[in-house]
Amino acid sequence: MKLASCSAIDLLQKKRRLRRELRGSEALRKIRIAILGGTTTNELVDLLELVLLANGFDPVFYQSEYNRFFEDAVLEPEKLSAFRPDVVYVYTHYKNIRNLPAVSASDAQLETSLNRELERFQAIWSSLHQFVGCQVIQNNFELPPSLLGNHDAVVSGGPVRFVNQLNLEFAKRAATDSRLLIHDLNSVAARIGLNHWFDWSRWYSYKILTTPEANLAIARSVAAMISAVRGASRKCLVLDLDNTLWGGAIGDDGLEKIQLGKETALGEAYTAFQEYCLALRGRGVLLTVCSKNNEDVAKSGFTHPSSILKLEHFSAFRANWDPKHDNLRSIALELNLGLESFVFIDDNPAERALVAAQMPEVAVPDVGEDVALYPSIIQAGHYFESVSLSAEDFSRAELYEKNALRSAAQLKFSNYGEYLESLDMTAEIEPFKRMYLDRITQLVNKTNQFNLTTRRYTLAEIERIAGSPEYVTLCGKLTDTFGDNGLVSAIIGRRSGRDLHIDLWIMSCRVLKREMELAMLDALAEACRERAVARLIGSYVPTAKNGLVADHYKTLGFSLIPEEGETGSRWSLDLHNYTPRSKHIRISQAVSLG
Amino acid sequence: MTSRDQIITEIEPIFQDVLDQPNLKLTPESNALNVEDWDSLAHVTLVGAVERRFKLRFTLAELQGLKNIGDMANLIQKKSTK
């Protein structure tokens, strides 16, 4: 049974069996989630559990008693804190608003009511930050039922106006508080429609305010946020060409006959889909092509005067007659991405079925064959949810483009050192700084290959570590002649006497074989010297994906610490006579105690 | 017109699914006390699934008056023939 195509009632009816089946799959990632609800939360939690299981998580839940969200967060946070949640979701509806102004309220009274309500929720968030210290997800509010007709949204005492203003205040608070994420319940409700959202019979019977359908939509949307907190978002859209990016088959119909552009309704819809893809690229999603065509014919499609997408927008291009799953595998290799990063879009159901069967990690939404619906179907999959949109996201596609130039440059040199020298690399390495914490958390949670321990941390944990004298942290940015690679590496070291245990060492695969790891080691040795640390202890914890760094410490000259029966290995490096290793990278900023 | 017993036969698989008891047999006298795992949480799902199966909605008053499966089948019969 495919979860994505099931109705809420289907899922609930078969919940127990589905749960049993999904729990049986291997390699589920544990996650502890506390739900503090203003209504009865069991049905939502059941659905959330199924969706998260299907997304590869093994969730454990804590639920507040009915409508005890404020008490649990503010008055008795000990119980919640003892549960040690990774994420707290404060799940409230408009019914939980306490300070709705009277319909006759003045502007000043509206202001007072707003501030009171905001203070009440701020107390919840502050208490959770202080006593629980994890990522907090708070939803905003759906629009309430109509009372004054069109005045609802206009007058100071209008309930719709109140909710709109409160939602705006929530957004402003979240903008200044990286540990607070806003779940846009209001948009979820709007997409379903309020007439299919509220369920008054269930409200009076069970204190569940919303329909099963609404609860499933909430579950899917919150699950996407939770996955994003754990860095499990998708990164790459794989697109078919004929009848996906344009109408018709370019090989048969020719460039002049394909449907694209404003001249016909169908052509306009394909143009709109191309615009949507380009907008996704603008927010950090990589675009690639996987098409059954001759390459030169396929590429000619992007010379069409109405083609919004151009060849340079694609980070990888496969047009040939090989099976599509083989092409996907080769795209994954080229971009250094795992298959779980891909969303595969193809109008041909046979191709979709093939990819879905061969590669269960790839998301294969059933887009049907009507291009008019493609954007909303892709949107409904919540594939590209992210915790924060960093400047990095906005320029990611360009980074990959420049990588292609770097690969081309590599071919022209007689030896590798000469190539590295020509890249004119500069590394900026420094302790974790507030402005980079989002990006560091992203990197920590999505890096699988160059990752010595594969420890995952939430943003809140990274913040704590960054501020603690017990830890030595380093993050590194790398710039070269083709541009800025952004923040690409991070180390977390934990002090223990005169030893420093390297809990985390990660690096983005986009800078593999650039000797960035040597620059990081030099900076780490320098940071250790300043703190009178004499020895580095590194460990390698093997996973299915990090074979790349099995010999990392050995290559860096660490000595193996003999231990029996351990999986993985531990290594040490005496720092007394340390001499810098990096030859081809300038380290621009001295690491100081800061 | 569908008989009461016929309706109970049609409800049965829903209960088997929701309560995860493939061999569960329902009788007109079955109720939340004598059917294992039929708790308030399962009840929410059972009502939703039965409503969808017979394409109807129970009113609050009707829900409150249900004592056992026989009542539920009678009610479904009445609402379906209107």
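Predicted model: local features only at pLDDT ≥ 70, side-chain atom pairs only at ≥ 80, totals over all residues.
Me: Which residues of H19(A) are buried?
Reply: Helix H19 of chain A covers residues 437-446, and nine of its ten residues are buried, so the helix is largely enclosed by the rest of the structure. The buried residues are A:Asp438, A:Arg439, A:Ile440, A:Thr441, A:Gln442, A:Leu443, A:Val444, A:Asn445 and A:Lys446.

Me: What percentage of the residues in chain A is buried?
Reply: Chain A contains 22 helices and 17 strands. Of its contacts with a separation of 6 or more, 72% are between residues 24 or more positions apart. Among the 594 residues of chain A, the buried share is 43%.

Me: What is the strand order of the open sheet of five strands in chain A?
Reply: The pairing in this sheet is parallel. Its edges are strand S2 (57-63) and strand S5 (180-183), each of which pairs on one side only. Neighbouring strands are turned against each other by 25° on average, direction ignored. The order is S2-S1-S3-S4-S5.

Me: Which residue of S5(A) is the bridge partner of A:Ile137?
Reply: Strand S4 of chain A comprises residues 135-139 and runs parallel to S5(A), joined to it by four bridges. The partner of A:Ile137 in S5(A) is A:Leu181.

Me: Which strands of chain A does helix H10 lie across?
Reply: Helix H3 (residues 42-54) of chain A lies across strand S1 (29-37), S2 and strand S3 (87-91), at about 160° to S2(A). Helix H10 (residues 212-229) of chain A runs at about 155° to S5(A). The strands that H10 lies across are S1, S3, S4 and S5.

Me: Are H6(A) and H7(A) parallel, antiparallel, perpendicular or oblique to each other?
Reply: The axes of H6 (residues 107-132) and H7 (residues 159-175) of chain A come within 10 Å and cross at roughly 45°. That angle makes H6(A), relative to H7(A), oblique.

Me: How many nonpolar residues does the contact of H6(A) with H7(A) have?
Reply: H6(A) passes H7(A) in a right-handed crossing. H6(A) contributes A:Leu110, A:Ser113, A:Leu114, A:Glu117, A:Leu118 and A:Gln122, while H7(A) contributes A:Phe162, A:Gln165, A:Leu166, A:Glu169 and A:Arg173. By class, three of these residues are polar, three are charged, and the nonpolar residues number five.

Me: Which helix gives the most to the side of chain B that touches chain A?
Reply: Twelve residues of chain B are in contact with 14 residues of chain A. On the side of chain B, seven are nonpolar, two polar and three charged. Helices H1 (4-19), H2 (40-53) and H3 (60-65) of chain B are the elements that give two or more residues. With six residues, the element that gives the most is H2(B).

How values were computed. Residues numbered from 1 in each chain as written. Chains lettered and ligands numbered in written order. Buried ≥ 20, exposed ≤ 12 C-beta atoms within 10 Å, placed from the backbone. Contact = placed C-beta atoms within 7 Å. Axes fitted to C-alpha atoms, helices over the stretch in contact; angles between N-to-C directions. Parallel < 35°, antiparallel > 145°, perpendicular 65-115°, else oblique. Left-handed = near helix turned anticlockwise from the far one by under 90°. Nonpolar A, V, L, I, M, F, W, Y, C, P; charged D, E, K, R; others polar. Pairing = 2+ DSSP bridges.
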